[in-house]
Amino acid sequence: MRCNHIKRFLSAALLLTFMAPSGLSTAMMCNAGETYSDSMTLSGDVKLTDKNELITLSLRDSDVKQVLRMFADKVGKNIVFHSSVKGKVTLDLVNMPINNAFDLVLQIAGLNYYTQNNTLIVIAKDNADNAIFSKQEMMVFPVKYVNAAKIADFLNRNVFGMKKTGLSGVDAATVNTATNELIVFGMESDAAIVRKVIEQLDREPLTKTFIVNHTTPAEMANMICNMLLPSRGSANGQGGKAPAISAPPSPGVGTTGGAAGIVTGGAASSGDSEIKLGEGIVACTVATSTAGTTTSPFDVQNLSISYFPQRGTITLIGGSEAQQEMIDKFIKENDTKQPQAYLEVSIVELNEEGSKEFTNAWNIDSKNWVFSFSSSATSVGRTSAPGARELIAVQRPDGNGGQQTVYIPRETYYGNNAYISWHLNYLIENRKGRVLANPKLLITSGQESIIDLTQDYVEKVTSEFLSSAYTTGGGTGSVQKTYTIGKDQGIKITLTPFISPEGYVTMNIKPEYATIASEVTSPVYDETTGEVSEDLQATLLSRRNLDLKNIRIKDGETLAIGGMIQENDTKTVRKIPVLGDLPVIGAAFRSTISSKTKSELVILLTPRIINDGEGAVADSL
């Protein structure tokens, strides 16, 4: 018999569960009788009497007013019906607690009730006069960790707005924003459900910090925000709706709420060289999606992901334990050690410069004219103006065993004779040189490395004349020179390696080599001094650049990059007209200077993959 009573009670409870609104959530386990701590019943506490005795009742198409009057007589209370109360009910109840039976009849008939002293006031749930009877007390509830306005909105939409029996049927919750307190204008029965909601939702945000060992905190935080969270559309509990992920604030803008106290944009902002220990940056915040939902979202406990570059950590604030476990697993799987290699670079420039010079120099002197020819100039002319006398210094013995200088007229010295002299010069010059750089560096797979062996040079000079006061004797002033400095003369190698587990290093290599080819100058007149100087207007560079993609090298082997050759040949010929063009003997009347410059840049790369046995997965704090 007792088992039958239990079955009837469970059947009535099951009926209540099916007939309640969708917000009603009671998680029970039939075998163990265990109720989960993260669930609660969003229904009013219908309490007609403290005794809650069992009743058995069977009715067919009975007027709802008569049925409710019967309940009131049973517990000894007065009852008043609003004009909106009407309808009939049919029910069969066996040994059901009277409070549950009263609640069941009210729900079936779409009614609500209010208590004033010993009188029950019954009114339809959807009637506007509910506001008159529901606001009986003002109750204040403190809220610690979340925004009280969010709880008030949640109650008004998802609890009071559902017009549940035994609760206020109007928006009863508001807030005191200055103290973050929740204020409820309602009945004593409302207080119980409000306390349950606050206890369930006003929790200290979950916080967890992870150490990132092998990737930067910024890279790992960006992977979580851009890869993990968007791929987990149901992570926010919205029935498969994707969470809304907001980008971090602009640099220099502080954040509030779940990430309060974390200043964003400090270490990452441009132009800030000051080291600020412990400074954090918000990578993203996951908010709830409201699309396709019938209840108001409660998004105060959002998941905020921040990273601390100086500490090497990532901090998760808010969210659920399931979300944090998911992110914990993702960090452990992806915070792996990046392959590295030791790269030995040899940069060799071979220079070869040579010249070949064959020159003829002729001189013919007589008393009236002089002829000269060389590699630099050719001249023919009179020895002196007509009627002028030219003296020539001649060394003669002085009679004492020494020499003395005697000046005699040119016509006396040469007379009617002409003297011819011929100087022949043949010179070959060769110069060789080598410029060598041998940097050694540690490279990481996927990370760009730069070898910069460039130097500064003067690219341009601009003169500006600053005049001061003028006097009767002339002006005074000064010259101000402005120098434009170039920074790319020399060798620069940019490379990005990709290290495979099979023992190969694939690299994108971009060598750049620039040398000064020539300089362009222009005359500048100084108005104060009247002097003319030369200003450097431009420096022209000779460049030899390559851009190599996906060059694969086996571990320990050497890659040679050559063929970056630059050559310059010049040839200068000077000759005596007519005579220099004669075959065979014309060579005696010609001067030839040839020069050749050649340089080649060779780059040798030898990678050696580093293998160690350390663990490759980060451990969380």
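Which residue forms a salt bridge with Asp153, and how far apart are the closest N and O atoms? Select Arg157: this residue is the partner of Asp153, and the closest N and O atoms are 2.9 Å apart. The model is predicted, and the tour starts at this pair.

**Stop 1: helix H5**

Show residues 148-158, which make up helix H5. Arg157 and Asp153 are four residues apart in this helix, so about one helical turn separates them. An α-helix has 3.6 residues a turn, so residues three or four places apart point the same way. Colour the pair by accessibility: Arg157 is exposed at a relative accessible area of 52%, while Asp153 is partly exposed at 30%.

**Stop 2: Lys208 and Asp328**

Next select Lys208 and Asp328, whose side chains meet in a salt bridge with an N to O distance of 3.4 Å. Lys208 is partly exposed, with 26% relative accessibility. Asp328 has a relative accessible area of 12% and is buried, because buried means under 20%.

**Stop 3: Asp456 and Lys487**

Move to Asp456 and Lys487, another salt bridge between side chains, at 4.0 Å from N to O. Asp456 sits in strand S21 (residues 449-471) and Lys487 in strand S22 (residues 474-499); the two are 31 residues apart, and the pair links distant parts of the chain. Lys487 is exposed, with a relative accessible area of 56%. The count of salt bridges comes to ten.

**Stop 4**

Centre on Val122 and list its contacts. Leaving out residues up to four places away in sequence, Val122 touches Leu68, Ile79, Val80, Phe81, His82, Val85, Leu106, Leu111, Asn112 and Tyr113.

**Stop 5: helix H3**

Return to H3, a helix of twelve residues. From its first C-alpha to its last, H3 reaches 17 Å, close to the 16 Å expected at 1.5 Å a residue. Its buried residues are Ile98, Asn99, Ala101, Phe102, Asp103, Leu104, Val105 and Leu106. Just after H3, check the backbone of Gly110, where phi is positive at about 70 degrees.

**Stop 6**

Switch to a surface view and select Leu579, Leu582, Val584 and Ile585. Together they make a nonpolar surface patch of about 360 Å². Ile585 is in the loop between strand S26 (559-575) and strand S27 (590-609). With a relative accessible area of 49%, Ile585 is partly exposed.

**Stop 6: the whole protein**

Of the 621 residues, 35% count as buried. Among contacts between residues at least 6 apart in sequence, 67% join residues at least 24 apart. The protein exposes about 35700 Å², and carbon and sulfur atoms supply 51% of that area.

Methods: Residues numbered from 1 in each chain as written. Predicted model: local features only at pLDDT ≥ 70, side-chain atom pairs only at ≥ 80, totals over all residues. Heavy atoms only, no water. Patch = residues over 30% accessible without salt bridge, like charges linked within 9 Å, V, L, I, M, F, W, Y side chains within 5 Å. Areas by Shrake-Rupley, 256 points an atom, 1.4 Å probe, with all protein chains shown as cover. Buried < 20%, exposed > 50% of the residue type's maximum accessible area, 1.4 Å probe, protein only. Contact = heavy atoms within 4.5 Å. Expected span 1.5 Å × (residues − 1).
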